[in-house]
Amino acid sequence: MKSKEMRSYFQLLENQRNDFYKKVIELEINPSERPMPEKWSVMETIYHLILMVRLVRRFSTLYLPLMLPYGYLRKNRTYKKETYNIYEEYNQVKKRAMRAPFLLTPKKNIHQRYDLRDLQTLLISETNMLKNKLSKIDEKVAGQIHYPDPIAYFPNVIQSVHLLAIHEQHHFNLVIKYEQQRVM
């Protein structure tokens with residue numbers, strides 16, 4: 001991968017996932033069971049994350065070839081390499097959780113179609129396809145290509161990978177929090 005920042009964010013994704021899966025085992029969480037009626041199960045959460053990575057990957061397939069010339073023209077300008085937790089900010093400002101759009105909402109009864117291992121494998125596969133798609137983009141160019149996402153304040157390609165890591169950790173924290181509340 002040409003961008004060391006994106007490489008480190010993809011490594012962060014992998015480490016966060018491994019830590020989460022260990023925590024699920026330690027806490028003996030049933031991955032198909034919702035901790036509360038309106039909250040997603042572990043499997044639903046992972047499927048949501050799959051849909052998110054897939055959306056970024058598919059959009060990038062169309063968007064990046066169009067924006068690469070623009071990125072090359074601006075590659076000597078400064079750019080940000082990280083972002084912050086927009087989900088936490090949204091929660092503080094709006095006093096409620098950010099709702100997932102219908103494209104990113106897990107299907108009902110996902111546990112009947114997949115097992116946990118299938119979903120983990122699918123998440124790895126989608127992430128690897130995205131990583132492969134972004135691997136050949138120079139970091140200076142990636143820093144100049146911004147996705148049209150006003151909710152995330154138009155992140156560049158590097159920031160969007162960081163945002164994926166933030167998003168996943170946000171959901172992992174929620175799953176653990178809800179499970180601990182359920183047990184109490």
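The model is predicted, and I take local features only at pLDDT of at least 70 and side-chain atom pairs only at pLDDT 80 or more, while totals for chains, interfaces and linings use all residues. I number residues from 1 along each chain as its sequence is written, and side-chain values use heavy atoms, with hydrogens and water left out.

**Aromatic rings.** I paired rings of Phe, Tyr and Trp (its six-membered ring) when their centres lie within 6.5 Å, calling planes under 30 degrees apart stacked, over 60 edge-to-face and the rest tilted. The count comes to seven aromatic pairs; one of them joins Phe20 and Tyr21, which are tilted at 55 degrees between the planes and 6.0 Å centre to centre. Ring pairs also bring Phe172 into a cluster with Phe20 and Tyr21.

**Gln120.** I then followed Tyr21 to Gln120, which touches Tyr21 and Ile46 when neighbours within four places in sequence are left aside; contact here means heavy atoms within 4.5 Å. Gln120 is found in helix H5, helices being DSSP runs (H or I, at least four residues) numbered from the N terminus. Gln120 counts as buried because its relative accessibility is 8%.

**Salt bridges.** I searched the whole structure for a side-chain nitrogen of Lys or Arg within 4 Å of a carboxyl oxygen of Asp or Glu, and found seven salt bridges.

- Glu168 pairs with Arg17, with the closest N and O atoms 2.7 Å apart, and this links helix H7 to helix H1 across 151 residues. I note that both partners are buried, Glu168 at 1% relative accessibility and Arg17 at 6%.
- Arg57 pairs with Glu126 at 2.8 Å between the closest N and O atoms, joining helix H2 to helix H5 over 69 residues. Arg57 is buried with a relative accessible area of 14%, and Glu126 is buried at 3%. Besides Arg57, Glu126 touches Ile50, Val53 and Arg54, not counting residues up to four places away in sequence.
- Glu139 pairs with Lys81, the closest N and O atoms being 3.6 Å apart; Glu139 lies in helix H6 and Lys81 in the loop between H2 and H3, so parts 58 residues apart in sequence are tied together. Here Glu139 is buried at 10%, whereas Lys81 is partly exposed at 34%.
- I also recorded a network of salt bridges linking Glu33, Glu179 and Arg182.

**Nonpolar core.** I defined a core as buried Ala, Val, Leu, Ile, Met, Phe, Trp, Tyr and Cys residues joined through side-chain atoms within 4.5 Å. The largest has 44 residues, and Phe20, Leu134 and Val157 have the most contacts inside it. Elements giving two or more residues to this core include helix H1 (4-26), H5 and helix H7 (157-183), while H2 provides the largest share, twelve residues. Leaving aside neighbours within four places in sequence, Leu134 is in contact with residues that include Met1, Phe10, Leu64, Tyr147 and Val157.

**Surface.** Leu103 lies in the loop between H3 and helix H4 (110-113) and is exposed, at 53%.

How values were computed:
Buried < 20%, exposed > 50% of the residue type's maximum accessible area, 1.4 Å probe, protein only.
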